Amino acid sequence: MSLFAFLGTLEIGFIFGLVAIGVYITFRILDFPDLTVDGSFTLGAAVTATLIVAGVNPYLATLAGTLAAACAGLVTAWLNLRFNILHLLASILTMTALYTINLRVMGKPNMALITEPTILTPFEGLGLANMYLKVGFVAICALLAGLLVAWFLNTQYGLAMRAVGSNKRMAQANGIVINEKVYVGLALSNALVGFAGALFAQTNGFADSTMGIGTIVVGLAAVIIGESLFASRSMLVIILSCIAGSLLYRIAVSMALNADFLGFHASDLNLITALLVALALVFPKLRNEWKAKRAQGETL
Amino acid sequence: MIRCENLHVTFNQGLPTEKQALRGIDLCIPSGQFVTVIGSNGAGKSTLLNTIAGDIKSTRGKIYFSDRDVTKLSATARTKDIARVFQDPLAGTCGDLTVEENMALAYGRGSRGGLSFALNSKLRTVFQEQLSRLNLGLEDRLQSEMGLLSGGQRQSVSLLMSALQPSSILLLDEHTAALDPKTAALIMDISSQIITEKQLTVMMVTHSMRQALDHGSRTVMLHEGKVIFDLVGEERATYQVKDLLNLFAQARNDGQELDDDKLLLDS
């Protein structure tokens, strides 16, 4: 793998680290499997790209893209909480609707940003080569967001949100307003994913109506890989392991695609993803069985 | 003080499965009184507690906490006044969170969760002090996951959690029923300590006649959604378990023996 390709891998790894944190909040903390992210990733990118092309400041455009994605999360939460639609189904509905909305936002299926200013433009004159600058910038974004989310989950409010996902009855008996926590959690999760979409569009120079397909699987893969490698109770470690899981996932994928003896093509990506996630799920179980066997052997 | 006025609760109203769980409960519990509530399965004991807590909306009637009408308040809003311990030891705590995180949640009961850290060293000292009362060695396991504790240990922590914030009312719904006799006795002991210490108004649902007579200062029996007798003071002091059983048979007044009520244990 060339240095250039490796940096590209890291760049995408950090961007999807943000997605992984968002997926962790819904799947693990709120116990609310949310597939909205496939649509809100694109929504973040589409809104940001459209505004930048229209001449809006890239920072404001990124903020707008992030907030738009947060609203998508609110819609899913509303469908579930107000009308009792199963969470999974509610999120699929929002995701499907977003496909059309994204096309409407951009007015076309694909939008180029190559010649436009981006949030990276102010840093381009600092003498750092563009490929290092991009990786550095997304790494700082992902780590800062991770620190903020970890801090949030350790506050009274964040702890209450974790209680809602763990035991609703207990949460209610302790005066926690359940619905409010679900709304805030879904908005936060999708905002992170929308922000990732906005970053992706600006670092890769385009927004595309199909760019979000499979976001949820990649995010989930990162969460699971992170969990199986760094088991911990500390929120900070867990959130950082989401980012680490995303990086490892990207590195494993590009190694698999680059290893000639395996004979994979770029179009085999989905199979590789599935294999990696399966491996990450099986690995901790095998490790435990192996440990148990060895412990048994010692006592005999 | 808790006052229920003509409280009715009907489930599945208008449907073939309609069930009148409460049919006009009138009950006034003065501040600081400890009432034990007994009755067979389906008598409406848990429904009464859940209605007072706000989990179930009453179909008719009013509920007051010290002259404040709370009938329309949500369960969440009522947690400012009410602490609860459930029968299921798993229901009162979050298995995925640590002991200290669970206690921090209870510590924040009734106040809106802010953006300051949920845990700090001062709180940990408070939690450790509280846990050491149990003599279960839990004060050294603040960072253990709640799910790793036994049912008895979890119930003990739930009980301590209910007393972390000042509240005027404590609702105990068969909170010792799922425990072994020794742990049940320990839990009952700590309950009594907390109740005396904080001068709480208490309603305790129990299936054990013995427990109902041994604790508190008043015993109420429910049957088919109504209060069928209400024992207080000296009269109650003279009562034995068998008198309760007799009273129950009389009140039913339908000539049936108690043989279908094996759940009214006399121990």
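This note goes through the two chains, their contacts and their packing, point by point.

1. Basis. This is a predicted model, in which local features need pLDDT of at least 70 and side-chain atom pairs count only at pLDDT 80 or more, while totals for chains, interfaces and linings use all residues. Residues are numbered from 1 along each chain as its sequence is written, and chains are lettered from A and ligands numbered from 1 in the order in which they are written.

2. Chain A, make-up. Chain A holds 11 helices and two strands. Helices (H or I, at least four residues) and strands (E, at least two) are DSSP runs, numbered from the N terminus. Read from the N terminus, the order is α-α-α-α-β-α-α-α-α-β-α-α-α. The radius of gyration of chain A is 20 Å, close to the 19 Å from the globule rule for 300 residues, so chain A is as compact as a globular protein of that length. That radius is taken over C-alpha atoms, and the rule is 2.2 Å times the number of residues to the power 0.38.

3. Chain A, extent and burial. The C-alpha trace of chain A spans about 70 × 55 × 35 Å along its principal axes. Of its 300 residues, 49% are buried. Buried means that 20 or more other C-beta atoms lie within 10 Å of the residue's own; exposed means 12 or fewer, and partly exposed lies in between, with C-beta atoms placed from the backbone. Among contacts in chain A with a separation of 6 or more, 77% involve residues 24 or more positions apart. Two residues are in contact if their C-beta atoms, placed from the backbone, lie within 7 Å.

4. Chain B, overall. Chain B has nine helices and 10 strands. Its radius of gyration is 19 Å, close to the 18 Å of the globule rule for 267 residues, so chain B is as compact as a globular protein of that length. The C-alpha atoms of chain B fill a box of roughly 60 × 40 × 35 Å along the principal axes. In chain B, 40% of the 267 residues count as buried. Of the contacts in chain B between residues at least 6 apart in sequence, 69% join residues at least 24 apart.

5. Domains of chain B. The assignment gives domain 1 (1-81 + 171-182 + 198-258) and domain 2 (97-166). Such bounds come from an automatic or database domain assignment. Over C-alpha atoms, the centres of the two domains are 29 Å apart. Seven residues of domain 1 of chain B are in contact with six residues of domain 2 of chain B. The domain 1 side of this contact has two nonpolar, two polar and three charged residues. Ala, Val, Leu, Ile, Met, Phe, Trp, Tyr, Cys and Pro count as nonpolar, Asp, Glu, Lys and Arg as charged, and the others, Gly among them, as polar.

6. Four strands form an open sheet with the order 2-1-4-5 and antiparallel pairing. Strand 2 (19-29) and strand 5 (68-69) of chain B stand at the edges with a single partner strand each, so one side of each is left without a neighbour in the sheet. Strands pair if DSSP finds at least two bridges between them. Strand 1 (residues 2-11) and strand 2 of chain B pair over eight bridges. B:His8 stands opposite B:Arg23 in strand 2. Elsewhere, strand 9 (residues 218-223) and strand 10 (residues 226-232) of chain B pair in the antiparallel sense over six bridges. B:Leu222 has B:Val227 as its bridge partner in strand 10. Two residues lie between the strands of this hairpin, where B:Glu224 takes a positive phi near 45 degrees.

7. Interface. In all, 27 residues of chain B are in contact with 18 residues of chain A. Helix 2 (75-78) and helix 3 (99-107) of chain B each supply at least two residues of the chain B side. The largest share, four residues, comes from helix 3 of chain B. By class, the chain B side divides into 10 nonpolar, 11 polar and six charged residues.

8. Helix 3 of chain B. Nine of its nine residues are buried. Among them are B:Glu100, B:Glu101 and B:Asn102. The buried residues of helix 3 pack against helix 6 (156-166) of chain A, together with helix 4 (121-132) and helix 5 (151-162) of chain B.

9. Core. The largest nonpolar core has 153 residues; A:Leu18, A:Val19, A:Ala20, A:Ile21, A:Ala163 and A:Ala196 have the most contacts inside it. Such a core is a set of buried Ala, Val, Leu, Ile, Met, Phe, Trp, Tyr and Cys residues joined through C-beta atoms within 7 Å. Helix 8 (residues 178-204) of chain A gives the most to this core, 14 residues. Domain 1 and domain 2 of chain B both give residues to this core, so the core lies between them.
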